[in-house]
Amino acid sequence: MGKKRVRWMRLAVVLAVLVIVAAACGDDDEPEADGATGPTEATGATEATGPTGATETGEPFRVALVAPSATNDLAFTQSMFDALGTLEESENLEIAVSDNLFVVEDAGSAIRNYASEGYDLVIAHGSQYGASVEEIAQDFPEVSFAWGTAGDTFGQPNVFAYQAASDQGGYVEGVLAAGLTESKVIGVVGPIEVGDAKLYVDGFQAGVEATDPSIDVRINYTGSFSDVGLAAEAARSFVAAGADVMTGTAQMVVGAVGVAEGNDVAWFGTQSDQTSLAPDVVVASQVYHWEVVLQDIIALIREGTLGGETYTIDLANGGEVIAYNDAYEVPEDVVASAEEAVAGLMDGSIETGATAG
Amino acid sequence: MARRESLPNWRDRRRLLVSWLAMPTAAVAALLVGAVMLLSLGANPFSGYRALLDGAFGSGDAIVNTAIKSIPLLLVGVGICIAFRANVINIGGEGQMVVGGLASAATALALPSLPAPVLVPLVLVAGAVGGGIWGAIPGSLKAYFNVNEILSTIMLNIVAVQVMNYLLSGPLVDDEFSGFSAIPQTQRLSANADLPVLIGGTNLHAGVIVAALAAVVAYALLWRTGFGFRLRAVGLSREAAAYAGMPVKRTITLALTLSGAMSGLAGAVLVFGSASHRMVTDGSATGFTGSAGFNGIVAALFGGLNPLWTILSSFVFGGLLVGGNAMQVAVQVPTALIVALNGVLVVFVVAIERARRRYSLRLEAAPPSSAEPRPPEPSAEVTGAVAEPSDGGRAAVQVSERLEE
Amino acid sequence: MSEFFTLAVLTATVASGIRLATPFLLASLGETMGQRSGVLNLGVDGIMLLGAFGAYYTVLHTDSLWLGVAVGTGIGVVLGLITAVVSVTLKAEQGVSGIGIYLFGLGLSDLLFQKLVGTPVPIRSFPTVRIPILADIPTIGDMLFEANLMVYVAFLLVPLLAFVLNRTTYGTNVRAVGENPAAADSVGVSVARTRYSTVITGSALAGTAGAALAIQLGIFQQNLTQGQGFIAIALVYFGAWRPIGVMAGALLYGMVASTVLAWKTLGIIPRGASDLAAMAPAVLTVLALVVVARRVRQPASLARAFERGE
């Protein structure tokens with residue numbers, strides 16, 4: 001079994017080479033600024049933005065985003081990434097991102113890394129990160145953490161929590177959809193019947209039914225958050241069943257939007273603005289504006305309050321906005337009934353009755 | 001590891017040089033490819049690689065993280081050793097992990113108040129049983145119905161994911177809790193089922209011991225028992241084993257069952273050793289397993305399909321995965337780069353490994369001895385009376401030879 | 001249930017099943033070529049992903065669908081060449097090197113997408129081609145002869161590959177190399193050259209499959225294939241290494257998936273059971289093979305490198 005011994009030695013050599021390479025660059029790369037936006041280049045980055053005349057409110061506010069999917073998913077992660085981008089200039093943010101960290105352990109080590117790098121705010125953008133946030137927040141009492149979507153700050157003074165009432169926007173879009181359909185068949189493509197997706201779908205259904213109970217709302221949970229092909233075929237099955245209005249939630253709906261466009265079926269989006277995917281058929285999208293929450297959190301941190309608040313974005317506080325596609329003409333009476341629904345949801349006279357369970 | 005004295009001749013010296021240089025060459029080549037990719041992304045490769053190494057092995061915390069990451073790789077890898085040694089290709093690690101995780105989570109939900117010394121072993125056994133069942137299905141389909149195991153394990157992965165999505169969005173979820181969940185996941189499972197932490201102040205949990213024990217037990221099973229001997233004999237030649245009167249079908253079924261049980265155990269450890277102490281997914285198998293069901297195959301093959309060497313290879317692979325995340329934090333490149341780099345590394349290493357062996361064989365051509373040098377091995381092989389079926393030259397690493405039917 | 005048997009829904013379901021089967025079919029046919037000559041390529045999914053991205057990116061910038069398909073196929077050729085060098089010339093273990101290629105494709109396609117494209121932008125999709133006369137046959141015409149061109153290409157490849165494998169000298173060589181490379185070598189058939197040709201053809205088809213998928217959907221996304229390449233490999237075993245059998249497997253898989261979707265849409269499958277129903281294609285594929293229970297034997301030299309004088 002000598003070859004095993006040889007293999008052991010080879011592995012040892014591999015490790016040794018790696019150590020040597022690392023040691024070699026460890027000696028000389030401190031002074032060189034390499035243009036990367038890594039945390040170690042913090043000062044360099046500030047100097048770079050200085051001359052461009054960006055806001056000089058002193059030290060940049062360093063914020064790190066840890067997220068489960070890609071920053072360009074046109075859905076959950078992008079909504080937060082875009083919000084940070086919106087505030088980058090005005091709040092003088094220095095932003096670092098670790099995306100595609102669905103697995104909790106990986107995300108946990110990224111959260112811990114950012115905390116130990118001394119970031120002012122670490123955003124743990126996934127409800128599965130809760131336990132990691134709870135634990136790491138105790139170890140870094142001077143760092144502020146924001147966790148969502150969730151409603152629990154664990155009673156810790158340096159944790160914020162945030163969530164979205166996605167059923168509200170869903171309800172409004174349901175009202176719009178009910179006003180637009182002629183075939184009285186509406187199709188909904190969902191991933192798995194749980195959480196934010198369920199909340200949105202149930203809100204949408206409630207909105208349709210409140211407007212016209214005779215409309216047939218058909219819901220197809222494909223069983224996957226990411227299978228674009230399956231979402232596309234689900235949408236085709238709605239078209240075959242006579243649907244002339246469709247909606248859907250989660251990142252795999254890009255496939256369904258394409259089918260909607262190909263068959264000239266009206267589409268309602270959620271989580272971020274999907275107009276760019278199909279400018280001819282997207283009527284409106286429910287857009288999350290987390291910056292409403294972020295601005296408040298950043299202001300509190302600058303004043304020295306590191307956590308304790310729980311936020312819910314909804315229509316009333318401007319964290320959720322129905323973004324209409326200007327190119328799509330919606331009859332005025334339909335818009336009026338949607339605005340009525342928005343007003344009712346804002347003042348509490350309308351309730352969607354949706355729950356995430 | 002000092003090399004033994006008295007190398008017989010120049011051939012061995014050259015062979016030794018080649019074998020010592022082979023792996024580093026492959027690693028350096030892969031790192032160079034990665035460096036080019038990093039440069040084209042506008043990141044400094046040196047900072048990137050230093051962050052990778054630091055993140056993987058650079059501190060106590062890093063080593064703990066690497067160890068935790070390597071647990072599922074090792075357990076799955078041990079299962080792969082068992083299956084591949086019987087010439088059964090198990091690509092179902094992902095599904096077996098999922099079912100093992102589900103079985104263990106269901107057990108903890110059903111019996112939350114059992115005391116920890118009872119509940120912890122119980123959930124681990126439940127995981128192994130769940131994964132074992134998920135391995136027994138393709139195992140018996142192959143043995144008794146001639147259904148190819150590559151087909152059935154791939155398909156059963158798909159089935160397992162849907163079972164998981166169903167259970168984690170309904171039956172296994174507490175109504176009270178479900179309102180907070182944006183993704184399929186259980187509530188925080190009973191604290192009595194938490195795997196005990198080994199070193200205070202870190203997350204290093206007893207899963208490390210479970211995995212290491214599993215590797216040792218599997219090694220003993222494969223090389224110190226009659227069952228292990230039969231299993232490897234079936235793996236080398238089904239016909240010969242049948243001719244010798246061995247129960248080939250039962251052995252194949254058992255091999256895949258045990259293999260599945262190891263992956264199921266990995267699933268249970270993932271649930272009860274995780275920071276969240278829940279079973280969580282994004283609706284895909286990877287969301288729960290972190291692809292350990294696939295990466296474990298690679299770890300096992302690098303470990304020469306020997307459970308003990310798989311311990312080491314799992315640790316190195318775990319380090320690469322953990323370090324990759326640290327690299328993203330440091331130089332802000334997408335983690336997709338690390339996935340691609342892992343692929344390049346795997347290709348380079350297997351390519352050069354085979355080339356190295358052929359070079360050794362050529363040097364060896366003259367002497368009639370065995371293909372590989374055989375310094376005395378601390379753990380002697382099975383008794384000399386039984387002919388050792390796995391001779392060094394036809395080394396186990398070759399999936400190729402395992403695929404023949 | 002009665003609603004399902006309306007003509008419009010049935011037609012759409014069959015057409016949808018055929019569309020879903022197309023990428024599987026292309027990739028499986030390619031894998032069949034390789035495996036018949038004794039090379040197991042586990043990297044199909046990675047090749048599909050890179051082919052899909054290449055095709056998407058090309059169409060995004062040139063708006064030419066055929067150029068997109070060509071680029072996707074070309075990427076398949078390049079990766080096929082790499083696969084062949086690694087598994088035929090360097091004789092590396094095919095299972096592991098395939099996983100390496102898979103990881104490489106998975107990571108690189110995602111990386112390129114994030115860096116070169118960013119936010120998904122839709123591209124033009126294949127137009128539907130009505131085959132004159134045939135498409136006018138009631139019902140069947142709409143089901144089978146009103147699809148996009150890639151569907152026709154994939155299904156026409158089935159008889160073509162069956163002919164090549166069974167009726168040509170080249171096909172005989174391929175099978176000989178897969179069954180008994182030493183014997184083939186002794187009668188002057190170059191094992192390496194034959195395997196290079198099948199691996200490159202197979203990978204090219206995997207690249208085409210990726211291109212077909214991306215263009216059919218009109219979009220690219222991280223891990224667009226969702227493991228379809230692995231299912232395609234499984235279907236080769238299902239089809240007993242014969243193009244016709246592979247086609248049967250792909251159609252079974254696609255049809256069951258589209259039927260499940262249609263039943264969900266029509267409310268025949270209750271919402272609570274939708275996850276369970278989604279596993280139907282996988283379960284039925286395994287069950288079908290159990291029931292058929294043939295004594296199929298795989299190519300004797302599958303996944304074994306050839307050493308002259310071994």
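Reply: Strands, in the sense used here, are DSSP runs of E with at least two residues, and helices are runs of H or I with at least four, each kind being numbered from the N terminus. What follows describes a predicted model.

If residues up to four places away in sequence are set aside, A:Thr310 touches A:Gly151, A:Thr153 and A:Ala161.

The average pLDDT of chain A is 82, and 83% of its residues score at least 70. Among the elements of chain A, strand β8 (residues 245-248) has the highest mean pLDDT, 95, whereas helix α2 (residues 42-49) has the lowest, 35. The pLDDT is below 50 over residues 17-56 of chain A, a stretch that has 45 contacts in the model beyond near neighbours in sequence.

Chain A also meets another chain, for its contact with chain C takes 31 residues from chain A and 32 residues from chain C. On the side of chain C that touches chain A, at least two residues each come from α1 (7-36), α9 (191-217), α11 (243-265) and α12 (274-277) of chain C. By class, the residues on that side of chain C are 15 nonpolar, 14 polar and three charged.

Chain B can be taken next. Its secondary structure comes to 16 helices and zero strands, and 64% of its 405 residues count as buried. Of the contacts in chain B with a separation of 6 or more, 78% join residues 24 or more positions apart.

Two helix pairs show how parts of chain B pack. In one of them, helix α5 (residues 116-145) and helix α6 (residues 149-168) of chain B have axes 9 Å apart and pack at an angle of about 150 degrees, which means that α5(B) is roughly antiparallel to α6(B). Their crossing is right-handed. From α5(B), B:Trp134, B:Ile137, B:Pro138, B:Leu141 and B:Lys142 take part, and they meet B:Glu149, B:Ser152, B:Thr153, B:Leu156 and B:Ala160 of α6(B); the residues of this contact comprise six nonpolar, two polar and two charged.

In the other pair, helix α3 (residues 60-85) and helix α14 (residues 307-331) of chain B pack at an angle of about 135 degrees, with axes 7 Å apart, and α3(B) and α14(B) are therefore oblique to each other. The crossing of α3(B) and α14(B) is right-handed. Residues making the contact include B:Ala62, B:Leu73, B:Gly77 and B:Cys81 of α3(B), and B:Pro307, B:Phe315, B:Gly318 and B:Val322 of α14(B). The residues of the contact between α3(B) and α14(B) fall into twelve nonpolar, eight polar and one charged.

Note on methods
Residues numbered from 1 in each chain as written. Chains lettered and ligands numbered in written order. Predicted model: local features only at pLDDT ≥ 70, side-chain atom pairs only at ≥ 80, totals over all residues. Contact = placed C-beta atoms within 7 Å. Nonpolar A, V, L, I, M, F, W, Y, C, P; charged D, E, K, R; others polar. Buried ≥ 20, exposed ≤ 12 C-beta atoms within 10 Å, placed from the backbone. pLDDT = per-residue confidence, 0-100. Axes fitted to C-alpha atoms, helices over the stretch in contact; angles between N-to-C directions. Parallel < 35°, antiparallel > 145°, perpendicular 65-115°, else oblique. Left-handed = near helix turned anticlockwise from the far one by under 90°.
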